[in-house]
Amino acid sequence: MVMTSVYLMVALGAVVAGFVQGLSGFAFGMVSMSFWAWVLEPRLAAVLAVFGALTGQIVAAVTVRRGFSWALLLPFVVGGLVGIPLGVILLPRLDMSWFKLILGLLLVLWCPAMLLSRHLPKIRTGGRLADGVVGMAGGVMGGLGGFTGVLPTLWCTLRGYPKDTQRTVIQNFNLSMLAVTMGSYLATGLVTADMLPLFAIVAPAMLVPTLLGARLYIGISELRFRQLVLGLLTASGVALLASSVPQLLAR
């Protein structure tokens, strides 16, 4: 009976997270963890979140291909690949509670302000070098704990990219980073045989919701997409604060 409830929660998390990722191009891990953190141990939940996010990004990348540009994407990906090992090196040396608190505060203060602004400031300087630096920062944050897409998503919004351009950058950047992360999990033995039944639940559970979300994405306006992205980033900030503040207060 207990295992049945765990399987149901895993499936429910995959359904909701798959839909959100299909619609927005990111946020699978954030949404799924809000379900799975209650029933799965942290390492298993993290591996499942990466597997589900990678599966969803592959599906979405095949079904939503508008606005794709290698020239635009490449600096982000190259920077991200440099950043991931740096994040892994920093991980044991960084106080993660304070890191989550600072990042959470940034998101919950900055993103709602952007939501309320009629005219967002657009960053036009820096060119591809700035994009690569942001990609590297995203890679570092991915190495620290799976926060790969937060800064590149915020950066693309500040760049003022059209929704198709923004989605293709974030979607394919995350796809690249998740593939590297999943490969490292496999290489280091984090993925074990007893996880396979849960993989078999997550993949089919998220498939239709991801496709449905991707289909709905095509019909939403530029304004609604910006509101969706900033709303999800704000929710991510709230989740980071909820996990970090109790830990800091308990010290």
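## Asparagine 174 in helix α8

Asparagine 174 is found in helix α8, which spans residues 163–187; helices here (H or I, at least four residues) are DSSP runs numbered from the N terminus. The model is predicted, so local features need pLDDT of at least 70 and side-chain atom pairs count only at pLDDT 80 or more, whereas totals for chains, interfaces and linings use all residues. Residues are numbered from 1 along each chain as its sequence is written, and side-chain values use heavy atoms, with hydrogens and water left out.

With a relative accessibility of 8%, asparagine 174 counts as buried, a term that means under 20% relative accessible area, with over 50% being exposed and values in between partly exposed (1.4 Å probe, protein chains only). Not counting residues up to four places away in sequence, asparagine 174 touches Gly25, Phe26, Gln57, Thr148 and Gly149, where contact means heavy atoms within 4.5 Å.

When neighbours within four places in sequence are left aside, isoleucine 170 is in contact with Gly25, Phe26, Pro152, Thr153 and Cys156. Leucine 106 is 64 residues away from isoleucine 170 along the chain, and the C-alpha atoms of these two residues are separated by 20 Å.

## Confidence

The chain has a mean pLDDT of 84, and 96% of its residues reach 70 or more; pLDDT is the predictor's confidence in each residue, from 0 to 100. Within the chain, confidence is highest in helix α9 (residues 196–219), at a mean of 91, and lowest in helix α2 (residues 28–36), at 82.

## Annotated spans

An unreviewed UniProt entry lists several residue ranges as "transmembrane region", among them 98–116 and 230–249; the positions are given in the numbering used here, feature names are shortened, and annotations may be inferred rather than shown by experiment. In the model, residues 98–116 are 100% helix and 0% strand, with end C-alpha atoms 28 Å apart. Residues 230–249 are likewise 100% helix and 0% strand, and their end C-alpha atoms lie 28 Å apart.

## Packing around helix α5

Helix α5 (residues 96–116) and helix α10 (residues 222–249) pack at an angle of about 150°, with their axes 7 Å apart; axes are lines fitted to C-alpha atoms, for helices over the stretch in contact, and angles run from 0 to 180 degrees between N-to-C directions. The two helices, α5 and α10, are therefore roughly antiparallel to each other, given that angles over 145 degrees count as roughly antiparallel, under 35 as roughly parallel, 65 to 115 as roughly perpendicular and the rest as oblique. Serine 244 lies in helix α10 and counts as buried at 0% relative accessibility; leaving aside neighbours within four places in sequence, serine 244 is in contact with Ser97, Lys100 and Leu101.

Helix α5 also packs with helix α7 (residues 150–159), at an angle of about 25° and with the axes 13 Å apart, and α5 and α7 are therefore roughly parallel to each other. This contact is made by Leu103, Leu107, Trp110, Cys111 and Met114 of α5 together with Val150, Leu154, Thr157 and Leu158 of α7.

## Helices α2 and α3

The axes of α2 and helix α3 (residues 42–63) cross at roughly 140° and come within 9 Å, so α2 and α3 are oblique to each other. On the α2 side the contact is made by Phe28, Gly29, Ser32, Met33 and Trp36, and on the α3 side by Ala45, Ala46, Leu48, Ala49, Gly52 and Ala53.
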